[in-house]
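Biologist: I would like to learn how to read a model like this one. Please take me through it feature by feature.

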Amino acid sequence: MLTLPVDRQRISSIAHSHHPVAAPISGVTMNRLLRRADRQPAARVLDLGCGAGAWALQALAHYPDGHADGVDISPYALENAVTAAAERGLADRFTPHQRDARTYVPDGDYDLVLCVGSTHAFGGFGGTLEGAGRHVNADGVLLVGEGFWQVPPTPEALAALDAEPADLTDLAGLVDAAEQAGWTPVYAHVSDAAEWDDYEWSWIGSLTGWALDNPGHPDAAEALAAARQHRDQWLRGYRHILGFVTLVLRRV
């Protein structure tokens with residue numbers, strides 16, 4: 001996988017600064033998925049692995065009387081989330097929690113639980129359905145974004161991702177896994193090539209730009225090398241092979 005400098009959380013925050021969704025999803029798609037979640041105006045929202053808070057804050061725009069809790073291990077990401085909440089006038093409706101998503105203990109249940117691009121926090125898709133799903137109330141929605149094989153992975157893709165073929169399934173396999181765990185999709189979005197390209201170039205460009213703008217920083221050379229490595233892994237490895245789907249799930 002991608003090798004980052006010593007301060008991984010800080011550098012990752014820099015890399016995502018121009019694509020705070022931290023997944024290959026456009027703003028238009030995010031809003032469509034939140035509309036499909038179809039929660040009440042006073043919805044309680046939980047974003048596990050919230051990063052800079054893009055999903056949680058946009059959910060609050062859809063649910064004007066709601067409140068969101070954002071959980072992440074990165075202090076840099078949460079600092080960005082708090083700043084963004086203040087800029088959008090949502091500071092009183094967003095509460096950050098710096099901790100491992102697996103150890104988060106809420107003060108009640110949630111109408112909408114989000115885990116998009118952060119299923120690694122629970123050890124994968126199955127663990128996310130169980131771990132994140134326990135925070136969803138009886139009539140609630142679990143919105144999960146996860147990778148899958150669009151086509152059988154090549155040796156180059158597996159090497160770039162440091163993965164085995166069995167680490168992911170195809171899209172049908174993901175849906176089957178959700179239903180076996182007691183969830184069923186009421187909507188889904190498969191990220192298209194344009195969303196993937198925008199996400200990857202934004203990640204690479206943010207990290208590269210930061211390194212070029214801060215040549216004297218002790219992490220600059222390593223950040224630039226990491227951006228180049230990631231670019232090669234993507235272009236020569238998993239582009240058009242690794243897919244990403246965001247599932248809007250309800251209990252069966």
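Modeller: Start with a strand. Thr246 sits in strand β7, which covers residues 242-251. Helices (H or I, at least four residues) and strands (E, at least two) are DSSP runs, numbered from the N terminus. This is a predicted model: local features need pLDDT of at least 70, side-chain atom pairs count only at pLDDT 80 or more, and totals for chains, interfaces and linings use all residues. Residues are numbered from 1 along each chain as its sequence is written, and side-chain values use heavy atoms, with hydrogens and water left out.

Biologist: Is Thr246 buried or exposed?

Modeller: Buried means under 20% relative accessible area, exposed over 50%, partly exposed in between (1.4 Å probe, protein chains only). Thr246 has 0% relative accessibility, so it counts as buried.

Biologist: Which residues is Thr246 in contact with, leaving aside neighbours within four places in sequence?

Modeller: Contact means heavy atoms within 4.5 Å. The partners of Thr246 include Ile25, Leu33, Val116, Tyr187 and His189.

Biologist: How many disulfides does a search of the whole structure find?

Modeller: A disulfide is a covalent bond between the sulfur atoms of two cysteines. The cut-off is a pair of cysteine sulfur atoms within 2.5 Å. The search finds zero.

Biologist: Why is Cys50 too far for a bond?

Modeller: Because its sulfur is 11 Å from the closest cysteine sulfur, in Cys115. Cys50 is buried at 6% relative accessibility. Cys115 is buried at 0%.

Biologist: What pLDDT does the chain average?

Modeller: pLDDT is the predictor's confidence in each residue, from 0 to 100. The chain averages 92, and 92% of the residues score at least 70. Over residues 1-9 the pLDDT is below 50. Where pLDDT is low, the predicted coordinates should not be read in detail.
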